[in-house]
Amino acid sequence: MVMGLKKVVKKGLIGGMSFARDAGAINWFPGHMAAATRAIRSRLKLTDLVIEVRDARIPLSSANEDLQSQLSAKRRIIALNKKDLANPNILSKWTRHFESKQQDCIAINAHSRSSVKKLLDLVELKLKEVIAREPTLLVMVVGVPNVGKSALINSVNQIAATRFPVQDRLKRATVGPLPGVTQDIAGFKIAHRPSIYVLDSPGVLVPSIPDIETGLKLALSGSVKDSVVGEERIAQYFLAILNTRGTPLHWKYLFEGRNEGSHPDSIDKPSYNLKDLRHQRAKQPDSSAIHYVGDMISEVQRSLYTTLSEFDGDTEDENDLECLIEQQFEALQKALKISTKAAEVRLMVSKKFLTLFRTGRLGPFILDDVPETETEPSNSRRVVAL
């Protein structure tokens with residue numbers, strides 16, 4: 001068992017590891033992002049309210065720094081989306097942090113009708129003083145790629161169709177699992193008398209992300225295409241975070257009291273396929289598929305718990321940590337039942353492992369450290385769990 005393991009990532013540790021040293025600044029700024037950024041800046045001047053959507057797992061890292069000065073000058077609501085994938089205890093601290101900065105903030109799940117209704121109630125409250133004197137109001141949704149802006153727009157449209165009289169059938173926004181799906185600015189009428197329009201916008205990043213950890217967090221959450229950073233590097237980073245925070249050690253209770261005879265290895269099962277993990281709305285998985293996926297998740301958690309608990313090195317030493325990560329890649333290969341003869345084994349391990357995180361199969365996580373509060377000493381660090 002690792003004793004005295006600190007659950008806070010040591011400052012500078014990740015950046016000093018080989019996979020991070022070789023990464024450099026992340027530059028993913030396709031041509032449409034440059035044009036979209038100009039269009040967003042132009043339309044923000046006419047906007048009555050901005051909904052800035054951020055990923056609840058990275059409340060700070062998912063902010064577009066180049067737009068912050070302009071966004072902060074507007075009526076703004078920060079919507080921390082994907083709250084179902086974030087640790088609720090840590091998320092509540094983040095919402096309090098933004099509120100302490102006199103900034104409206106709400107945690108949402110863009111696929112939940114009740115959650116989006118609460119956001120709309122807040123939007124109406126913020127626009128109440130403007131409605132009396134403006135016949136037409138404009139609300140703009142902005143955010144970095146893949147934080148769920150278009151999913152939010154679709155939910156807003158569905159709710160608006162039942163709450164407000166509308167003249168035309170509302171158009172749905174295009175939604176996809178990869179960043180960069182929306183590539184132009186589209187308007188949607190959501191209310192009449194007064195007329196309220198919501199503008200969906202493409203996800204835009206800054207031209208260059210010089211901070212290594214911010215770039216890796218964005219890549220891990222899916223805001224940067226995997227090919228830009230590399231799946232293996234992203235998986236290494238996630239393992240480094242899990243290990244330095246000691247997260248796998250908290251999974252021990254999942255394995256206690258289990259009968260040795262019911263160990264997954266004692267049952268003959270087919271190999272797992274990445275597509276089995278993806279959420280399929282049209283077709284629900286049968287019970288056997290759920291069993292196999294659940295079994296695989298358990299094996300992944302068990303392998304990470306075992307490798308970390310038996311590790312006798314120092315997770316705050318980058319060389320020791322890299323050795324541990326190498327051991328965990330081998331353990332994950334077995335847990336994910338990937339043949340040693342398979343081509344690009346580490347790539348396959350990385351892809352499956354990242355899919356488990358991104359779909360919430362490994363549990364709720366928050367990657368950004370909670371800021372210090374005014375009640376804490378300035379030289380203290382809050383212990384943060386994923």
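These are my notebook entries on a predicted model of one protein chain.

**Entry 1: ground rules**

I number residues from 1 along each chain as its sequence is written, and I keep in mind that in this predicted model local features need pLDDT of at least 70, that side-chain atom pairs count only at pLDDT 80 or more, and that totals for chains, interfaces and linings use all residues. Side-chain values use heavy atoms, with hydrogens and water left out.

**Entry 2: the whole chain**

I looked up the elements and found 13 helices and 6 strands, where helices (H or I, at least four residues) and strands (E, at least two) are DSSP runs numbered from the N terminus. Of the 386 residues in the chain, 51% are buried; buried means under 20% relative accessible area, exposed over 50%, and partly exposed in between, with a 1.4 Å probe and protein chains only. Next I looked at contacts, meaning heavy atoms within 4.5 Å, and noted that, among those between residues at least 6 apart in sequence, 74% join residues at least 24 apart.

**Entry 3: strand S4 and its partners**

I then turned to strand S4 (residues 136–142), which is mostly covered, with 6 of its 7 residues buried. Two strands pair if DSSP finds at least two bridges between them. S1 and S4 run parallel and are joined by 4 bridges, and in this pairing I found Val50 opposite Met140 in S4. S4 also pairs in the parallel sense with strand S6 (residues 195–200), over 6 bridges, and here Thr136 stands opposite Ser195 in S6.

**Entry 4: helix H8**

Helix H8 (residues 212–221) is mostly covered as well, since 7 of its 10 residues are buried, among them Gly215, Leu216 and Lys217. I asked what covers the buried residues of H8, and the cover includes helix H1 (13–16), helix H2 (18–21), strand S1 (49–55), helix H9 (226–229), helix H10 (231–245) and H13. Just after H8, I noted that Gly222 takes a positive phi of about 95 degrees.

H8 and H10 pack at an angle of about 105 degrees, with their axes 10 Å apart; axes are lines fitted to C-alpha atoms, for helices over the stretch in contact, and angles run from 0 to 180 degrees between N-to-C directions. The two helices, H8 and H10, are therefore roughly perpendicular to each other, given that angles under 35 degrees count as roughly parallel, over 145 as roughly antiparallel, 65 to 115 as roughly perpendicular and the rest as oblique. Glu213, Leu216, Lys217, Ala219 and Leu220 of H8 make this contact with Arg233, Ile234, Tyr237 and Phe238 of H10. I sorted these residues into 6 nonpolar, no polar and 3 charged, where Ala, Val, Leu, Ile, Met, Phe, Trp, Tyr, Cys and Pro count as nonpolar, Asp, Glu, Lys and Arg as charged, and the others, Gly among them, as polar.

**Entry 5: helices H12 and H13**

Helix H12 (residues 318–335) and helix H13 (residues 345–358) pack at an angle of about 80 degrees, and their axes are 10 Å apart. That makes H12 roughly perpendicular to H13. On the H12 side the contact is made by Glu326, Phe329, Leu332 and Gln333, and on the H13 side by Val345, Arg346, Val349, Ser350 and Phe353. These residues divide into 5 nonpolar, 2 polar and 2 charged.

Not counting residues up to four places away in sequence, Gln333 touches Ile338, Ser339, Thr340, Val345 and Val349.
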